[in-house]
Amino acid sequence: MNATLHRIAILIRKELIAILKDPRSRLVLVMPVVLQSLLFGYAATFDLNEVPYALLDTDRSNASTQFVTLLDGSGVFDRVANLSSAKEIGETIGKKRALLVIHLPADFERNIISGRGGVVQVIADGRNSNTGNVAASYVTAAVDRFNAQWNELRGGPTPALRIETRAWYNPNLETRWAMIPSLIGALSMLQVLMLSALSVAREREQGTFDQLLVTPLRPTEIMVGKAVPPILIGLVQSSIIFLIARFWFGIPFQGSLFTLYSGLLLFTTAAVGIGLALSAFSKTMQQAMLYTFVLLMPMMLLSGLTSAISNMPPAMQYLTYANPLRYAIDLVRRVYLEGASFGYLLHDMWPLVVIALVTLPAAVWLFRHRLV
Amino acid sequence: MNAADDFIVRGDNLTKRFERPKLDPVTALNRVSFGARPGALIALVGPDGAGKTTLLRLTAGLMRADEGTLTVLGLDAAKQPQAIQDRISYMPQRFGLYEDLSVQENLDLYADLHGVGPEQRAERYPRLMEMTALAPFLDRLAGKLSGGMKQKLGLACTLVRSPELLLLDEPTVGVDPLSRRELWDIVSGLVENEGLSVIVSTSYMDEAERCAHVVVLHEGNVLANGTPKELMSRATGHSFLAMSQRETPARKLQADLIDRPDVIDAVPHGGQVRVVLGDREPLSLQDVTFEPTPPILEDSLMMLLRHKTDEQPAANAALELSKKASQDHSEVVIEVHDLVRKFGDFTAVNRTSFEVKRGEVFGLLGPNGAGKTTTFRMLCGLLPATSGTLKVAGADLRRARAEARQNIGYVAQKFSLYGDISVLENLQFFAGAYGLRNSRAAQRIEWALDNFELKERVTSTAGSLPGGFQRRLAMAAALLHEPAIVFLDEPTSGADPLARREFWRRIGSLADHGTTIVVTTHFMEEAEYCDRIMIQDAGTMLAIGTPEEVRRQAGSGGEPAHSMEDAFIGIVEQARERAQRQDHAA
Amino acid sequence: MSDVHPPRLSWRRLRALTVKETRQLLRDKSNLMVGLFLPFVLILVFGYGLSFDITNAPVAIVSQDTSPTAKDVVSGFHLSPYFTVTQLNSMAEAQSLMRAGKVEAIVYLQSDFSRRLAASDATIQVLVNGVDANRARVLEGFAQGAIAQWSNKRAVSGASMAPAPAVRLETRLWFNEANTSTHFLVPGLIVLIMTLNGALLTSLVMAREWERGTLESLFVTPINTGELIASKLIPYFGVGLAGLTMCLLAGKFMFFVPIRGSLLLIVLISMLYLLVSLSLGLLISAATKNQFLASQIALITSFLPALMLSGFIFDLRSVPAIVRAISTVLPPTYYVEALQTLFLAGNVPGLLIKDTAVLLTAAVVLFVLIRINTKKQLV
């Protein structure tokens with residue numbers, strides 16, 4: 001037992017030296033993670049700070065002016081053009097000069113006063129329907145405010161039913177809050193998978209794996225020694241992203257660090273298991289890399305990172321059950337934002353354990369039985 | 001071209017330095033001047049790091065010299081590399097073949113690139129096929145060829161058109177004597193019959209002897225320059241054959257002689273020891289007789305190097321070793337019985353049986369693809385046998401507990417330590433992997449650094465070391481845990497004569513202290529260092545016994561074969577003829 | 001290099017090199033995996049897997065009011081295609097379901113809802129899990145919609161609860177009237193696949209020749225660097241076009257994405273982008289001479305920005321100036337814009353001319369950089 005631990009420790013030490021010795025590779029391990037979490041932290045948001053719109057006010061009445069003032073005073077809407085006829089709408093949207101055209105028809109004020117209700121027409125650019133929908137929802141909010149103002153001004157009856165909405169965990173509904181914690185899992189997986197996928201394939205290609213196999217190191221010891229360094233590196237990367245989320249973007253951390261790290265440990269181990277199994281299966285580094293990519297892309301896309309898993313058809317949802325990132329993203333978001341405790345996270349944890357328990361022994365078996 | 005200047009290649013005061021991060025630049029060539037005349041074979045020889053490859057690359061226009069001028073085919077190599085490249089052919093050390101293309105596809109690629117038309121091909125291809133005997137393998141992927149065939153294909157690719165100058169960089173490294181002989185027949189045929197000019201770099205002195213002109217390089221300087229005859233004359237009167245009057249094996253006598261300061265060189269040869277002495281007088285040693293013998297090129301090279309460096313060839317190479325407790329040299333430590341290994345329907349090793357005793361140096365010889373490496377891998381437990389039994393130190397390493405591997409050391413054919421970590425870190429890792437700890441580990445690492453002269457390189461990354469250091473490091477790492485049995489797969493392939501002497505001196509001292517050695521080699525004269533050898537071809541065992549016995553088996557009319565190389569070629573060719581006859585009969 | 005006779009391009013050499021490259025490409029299964037199999041998988045993932053359209057979101061409704069009015073509100077949710085409703089009696093229960101992640105929103109009706117409604121003082125609480133903010137916002141809207149529908153129905157039957165709104169909104173989503181995310185995801189998918197084929201596969205090819213030492217003997221032949229570069233681009237260009245064809249067919253016949261612009265323009269601009277992306281990969285490969293480093297850099301500089309910074313999923317209008325500046329210099333940004341326009345909007349000359357010009361510039365710059373980085377010299 002003692003001898004085993006010693007041999008494993010020696011292998012871990014060698015792996016860490018090999019990975020960290022070169023200043024360039026140290027940089028490759030840290031810089032992309034920092035840059036990407038900053039870049040994507042800013043870029044990966046569905047919120048719009050600025051909605052460029054073009055106004056087509058054919059009414060030119062008090063009411064229409066009041067509505068436009070309300071829009072322009074909101075701080076979100078940015079009037080980029082005043083159109084004079086409906087013919088211009090096509091070009092304005094088509095050339096992406098504006099995301100929306102807000103059209104106030106000629107009978108706008110008349111209809112409000114007569115009680116029939118005025119109509120605000122919004123034409124949104126649907127090339128990215130997501131953005132279009134978000135922008136349109138901002139106009140809805142503006143219309144609601146206008147209605148309330150108008151009603152108050154005219155001393156109309158108060159509504160019988162109010163709808164109160166509140167969002168848990170993310171009171172201002174910022175998409176960044178979900179995105180950045182998800183990166184804790186997603187970005188670290190990228191490199192953890194690469195590191196582990198290359199580790200055995202590189203030794204095979206360079207002939208050092210035979211040298212390793214003739215030492216008293218057992219395949220299981222080799223596996224542990226090969227698994228621990230990428231796990232450690234993955235956890236360090238996760239921690240970097242965690243710190244950026246917490247202190248740069250100032251997203252409040254609700255859960256316990258212990259729970260977070262337990263989850264991350266399981267996740268990283270599962271990812272390393274997949275990487276090592278791929279690595280032990282590959283003949284060359286090139287193969288290992290390309291196989292990793294083939295696996296990595298669907299894993300990233302089907303993880304809930306960019307679009308929710310529950311939106312997917314059931315067959316696709318079943319596929320995601322084999323994807324460790326799916327559990328990691330759910331787990332991290334819930335620990336980070338919801339402060340979920342262990343008990344609530346078991347359904348994310350046990351599948352990770354299963355993935356690790358399948359892939360790691362598979363790697364061990366392949367070490368000796370894959371003849372190259 | 002200048003009429004007075006009938007050199008095809010002429011270099012004057014060529015200097016080339018390579019920048020190294022954090023270290024002083026290396027001077028690969030230092031004011032080298034040389035010339036090559038058309039229609040002749042020129043050899044570049046010298047130990048590792050002499051600058052042979054750099055000189056060839058400069059000539060091929062792949063690099064530019066920092067100083068000096070180089071004219072190739074009358075063109076300035078620095079200014080018109082493309083014009084030169086249009087007219088020469090070059091085979092780099094790694095052959096430059098595409099391993100995922102077939103033999104035919106590789107040939108066609110180079111033919112197209114050189115603009116060889118269909119009529120020329122129709123004339124050229126059959127000749128190339130005849131020369132290289134590659135015709136049956138046209139559809140095989142280059143990566144699946146044996147070393148010797150790859151090298152012939154590499155040569156064929158450079159000869160798809162008639163170049164005005166052919167450059168070959170160590171074309172015979174890792175190639176067996178048969179293939180080597182065939183390659184040289186092709187090259188000298190081209191020179192004699194077609195007046196081709198060839199510059200070849202080599203570490204085999206017998207190859208250099210066949211050349212018209214030899215340039216001896218050492219650490220970027222020209223040590224000597226002349227015809228082989230001129231060079232050999234330096235050693236005239238210094239060369240002797242020594243023989244022990246008692247029954248001392250040649251290997252023991254060689255070890256004693258090479259350690260003496262008045263001996264410039266000593267190698268076992270045909271049961272005797274070939275020595276080069278500092279003086280022209282034989283030594284007066286008890287029970288040893290010295291017969292004068294005509295010098296060979298290697299003798300004068302060794303003399304040149306001794307004058308230059310004033311170091312003994314294998315100085316300090318004998319290892320400091322502690323005696324093993326068990327000194328029973330009759331104990332059988334490796335037992336192989338009817339060993340078979342098949343890959344699909346290809347039989348790599350066919351019903352092989354042999355035994356190796358403690359403290360024996362056992363040599364495995366055979367052409368490329370004979371099954372030596374496969375046998376090795378099975379012995380080390382890296383590959384399961386298809387059938388048959390094998391025992392190494394009492395166990396089949398494939399099935400035995402991991403601790404059984406503590407008994408063996410393994411040095412692979414290709415350098416296979418971790419290139420991206422330092423010498424010291426590599427040694428620390430392997431010490432730990434073999435369970436050595438703390439003071440014991442420190443002590444063994446110290447021993448390795450001392451005995452393998454790695455001290456001044458401890459912090460260099462293993463990958464950045466010159467080949468000679470890498471080979472020493474690999475061997476040091478395999479000996480840290482003092483294994484009872486050491487496997488070395490072509491440990492001297494590509495090594496220069498000095499390094500090979502050192503290597504065998506170390507092997508000798510290991511064997512003397514009870515370590516069993518199993519080794520493969522392509523240098524047939526090195527088989528003389530072994531206690532017993534086995535010759536394999538096409539997976540089958542052809543001969544086994546002491547070098548003397550094997551030479552006798554190959555000899556004709558009771559006379560043993562003159563050298564081990566002749567014996568080897570004789571035995572393999574006989575076996576191949578027999579196999580062909582049986583094929584015809586069947 | 002001041003070569004006296006700069007070698008001219010030879011079609012024979014170019015063909016020989018291209019044939020060689022194609023053979024190598026076809027022999028390695030892992031190349032084909034990335035080149036052809038991965039696009040196929042991604043088409044399925046994008047077409048069926050990725051969707052921003054919410055259906056059947058699990059919602060808990062807590063209603064302690066047994067009156068028909070309250071039941072009517074609840075049944076409004078049951079009827080909505082957006083929700084899968086779990087009806088509960090206590091708020092504590094609902095909250096624990098939300099904590100456990102079993103429901104995404106809670107709709108709460110007070111026990112005296114119908115009485116208060118009569119007194120014009122009723123409230124319906126909608127609590128959503130805000131972690132995925134985008135989704136939460138949409139869910140809020142759907143919940144409000146379901147309640148509004150119910151109250152409209154009531155208004156028709158004469159029981160008015162609120163003053164008629166002064167202003168109504170009519171929204172039209174141009175170019176994507178069906179409002180399905182597939183329509184903008186499929187053009188984005190083409191961008192990803194072109195990037196992937198280009199940068200990732202070619203990032204290995206030159207580095208591989210350096211690592212295996214084959215360039216050394218190739219250099220000592222009459223080839224020129226132009227031929228060498230072109231021969232590396234051509235086969236992968238072919239693989240890229242195969243990927244493009246797969247995507248276009250899948251878009252048209254599996255996902256019914258409209259193609260409002262010219263198909264020819266789509267193909268031409270895709271070829272241009274493919275060239276940019278292949279050149280980027282080749283440049284990385286030529287500059288690093290190391291397969292591992294090259295693939296890492298290719299991944300970081302090409303695939304991830306194409307996914308995250310090109311405006312394909314995330315709109316770039318609200319990012320800080322520096323991030324926007326980065327995305328402005330990235331070719332995928334322009335390709336995404338051009339493709340989304342050509343698919344969904346039609347031929348918009350002003351936009352397309354700009355996008356084409358940017359991509360063309362990128363291709364030329366990359367070409368020059370590759371030439372500089374590929375010399376027929378060692379070291």
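This is a predicted model: local features need pLDDT of at least 70, side-chain atom pairs count only at pLDDT 80 or more; totals for chains, interfaces and linings use all residues.
Modeller: Rings of Phe, Tyr and Trp (its six-membered ring) pair if their centres lie within 6.5 Å; planes under 30 degrees apart count as stacked, over 60 as edge-to-face and the rest as tilted.

Biologist: Why is the pair B:F354 and B:F362 stacked?

Modeller: The ring centres of B:F354 and B:F362 are 5.0 Å apart and the planes sit at 15°, so the pair is stacked.

Biologist: Are B:F354 and B:F362 buried or exposed?

Modeller: Both B:F354 and B:F362 are buried. Buried means under 20% relative accessible area, exposed over 50%, partly exposed in between (1.4 Å probe, protein chains only).

Biologist: What about B:Y418 and B:F430?

Modeller: Their ring centres are 6.2 Å apart with planes at 20°, so B:Y418 and B:F430 are stacked. B:Y418 lies in the loop between β19 (408-411) and α12 (423-433) of chain B, and B:F430 in helix α12 of chain B, twelve residues apart. B:Y418 has 5% relative accessibility, so it counts as buried. B:F430, at 2%, counts as buried.

Biologist: Which residues form one aromatic cluster in chain A?

Modeller: A:F67, A:F108, A:F146 and A:W150.

Biologist: New topic. How many helices and strands does chain B have?

Modeller: Chain B has 17 helices and 23 strands. Helices (H or I, at least four residues) and strands (E, at least two) are DSSP runs, numbered from the N terminus.

Biologist: How much of chain B is buried?

Modeller: Buried residues are 58% of its 586 residues. The C-alpha trace of chain B spans about 75 × 60 × 55 Å along its principal axes.

Biologist: Now A:A277. Where is it found?

Modeller: A:A277 is in helix α10 (residues 257-281) of chain A. Its relative accessibility is 15%, so A:A277 counts as buried.

Biologist: What does A:A277 touch?

Modeller: Leaving out residues up to four places away in sequence, A:A277 touches A:T359, A:A363 and A:L366. Contact means heavy atoms within 4.5 Å.

Biologist: How far apart are A:A277 and A:P216?

Modeller: They are 61 residues apart in sequence and 22 Å apart in space, C-alpha to C-alpha.

Conventions. Residues are numbered from 1 along each chain as its sequence is written. Chains are lettered from A and ligands numbered from 1 in the order in which they are written. Side-chain values use heavy atoms; hydrogens and water are left out.
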